[in-house]
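Dear colleague,

I am handing over the structure we spoke about, and my notes on it follow directly below. Please read them with the model open beside you.

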Amino acid sequence: MQEQRKLQTLLELIIYLSSGIKYSLVQIMDRFELTERTARRYIKLLREAGFKIPRPIDSLYYIDKKSPYFKELSELVHFSKEEAQILYQAIHSINNENLLKQNLIYKLHSLYDSPEMSKSIIKFQHSTNVHILTKAIQSKQQVELIAYNSANSNKKSNRIIEPFAFTTNYVDVWAYEPVSKTNKLFKISRISSVVTLCTEWQNESNHKQKPGDVFRISNDQKIPIKLLLSTRACELLKEEYPLAEPFIKTTNNNQYLLETEVCGFEGVGRFVLGLCHEIKIIEPVELNHFISNRIKKYLN
């Protein structure tokens, strides 16, 4: 296991030093959680393997482009600043809920742990928390969320959790909370900071992602719904909730039928309320009751 970790660290270090950015020894130590002695030993190993790492100028390390296999490496994992800028723009042109975007972000964030990448893909103030959570998931460690702002209680509190997966575009993290013995979604934007604990996961067998619907609501229940949409409502649905598109069928008279399952009425209810004059609820009748009650509550 120790040799496997060492090999993984060396491979990540090759990618890190091939990125076109120069790093100090302290940055390398912090990034890979190494002692100064181990960091110097790993750099020495890479030099012995044929990688040209010049003696540090201004105390900064990098792999020289003249190193053997550098061309192959750079073609696989390196982008120039111009290429990176185009890549950032291309990624942001994809809708936030696109699953391919999620995979791209995950892979790029894993390869390029740089402020530039984090800033472009994830909101800068959240990138550190995402990075810590990613490492905790990989090493199967518990973390403490500092001053987590709960939407339910409207209070800030520290929460000890076992994070195990992210939702699309790193919006939320799935985690098991030992104190409540439940799996929960924690919003990244509501986390002040994250502290990695020395404790490893204690409840891995209980880790379970609850299924989510096209309106981004997660729950174990599945409720079939049918909505008749106008052209405008259909286009807005596809823009705001692109995962709904495969469940839309064209009907006569320029109308569209959404037929899918939801995990609750909160998500679909918000959408229907915003366009209630352009959406007809075919089923279930309970959704009609949900909408009616919300309107009555608002009027009162």
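A salt bridge is taken here as a side-chain nitrogen of Lys or Arg within 4 Å of a carboxyl oxygen of Asp or Glu. This is a predicted model, in which local features need pLDDT of at least 70 and side-chain atom pairs count only at pLDDT 80 or more, while totals for chains, interfaces and linings use all residues. Residues are numbered from 1 along each chain as its sequence is written, and side-chain values use heavy atoms, with hydrogens and water left out.

Of its 300 residues, 43% count as buried, buried meaning under 20% relative accessible area, exposed over 50% and partly exposed in between, with a 1.4 Å probe and protein chains only.

Now to the charged pairs. Side chains of opposite charge can pair when their charged atoms come close. By the rule above, the count comes to 10 salt bridges. One of them joins the side chains of E177 and K184, at 2.7 Å from N to O; E177 is buried, with a relative accessible area of 3%, whereas K184 is partly exposed at 27%. R159, E177 and K184 are linked in a network of salt bridges. R159 is also one of the residues in contact with S150 (contact meaning heavy atoms within 4.5 Å, and neighbours within four places in sequence being left aside), the other being K155. S150 itself is found in the loop between β3 (141-149) and β4, and counts as buried because its relative accessible area is 11%.

A further salt bridge is formed by E259 and K226, whose closest N and O atoms are 3.7 Å apart. This pair links distant parts of the chain, since E259 is in strand β10 and K226 in strand β8, 33 residues apart. E235 and K238 also form a salt bridge, with 3.2 Å between the closest N and O atoms; being three residues apart in helix α9, E235 and K238 are separated by about one helical turn.

Turning to the interior, a nonpolar core is a set of buried Ala, Val, Leu, Ile, Met, Phe, Trp, Tyr and Cys residues joined through side-chain atoms within 4.5 Å. The largest such core has 25 residues, of which F215, L227, L229, L237, L258 and V268 touch the most other members. At least two residues of this core are supplied by each of β8 (223-229), α9 (231-240), β10 (256-262), α10 (265-274), β11 (279-283) and α11. Apart from it lies another core, of 19 residues, among them L25, L34, Y42 and I53.

Which residues does F164 touch, not counting those up to four places away in sequence? They are I137, W174, A175, Y176, N183, W201, H207, K208 and Q209. F164 has its place in strand β4 (residues 156-166) and counts as buried, at 16% relative accessibility.

Lastly, N129 is found in helix α8 (residues 124-139) and is buried, with a relative accessible area of 4%. Leaving aside neighbours within four places in sequence, N129 is in contact with I191, S192, S193 and V194.

With best regards

Notes: Helix = DSSP H or I, 4+ residues; strand = E, 2+ residues; numbered from the N terminus.
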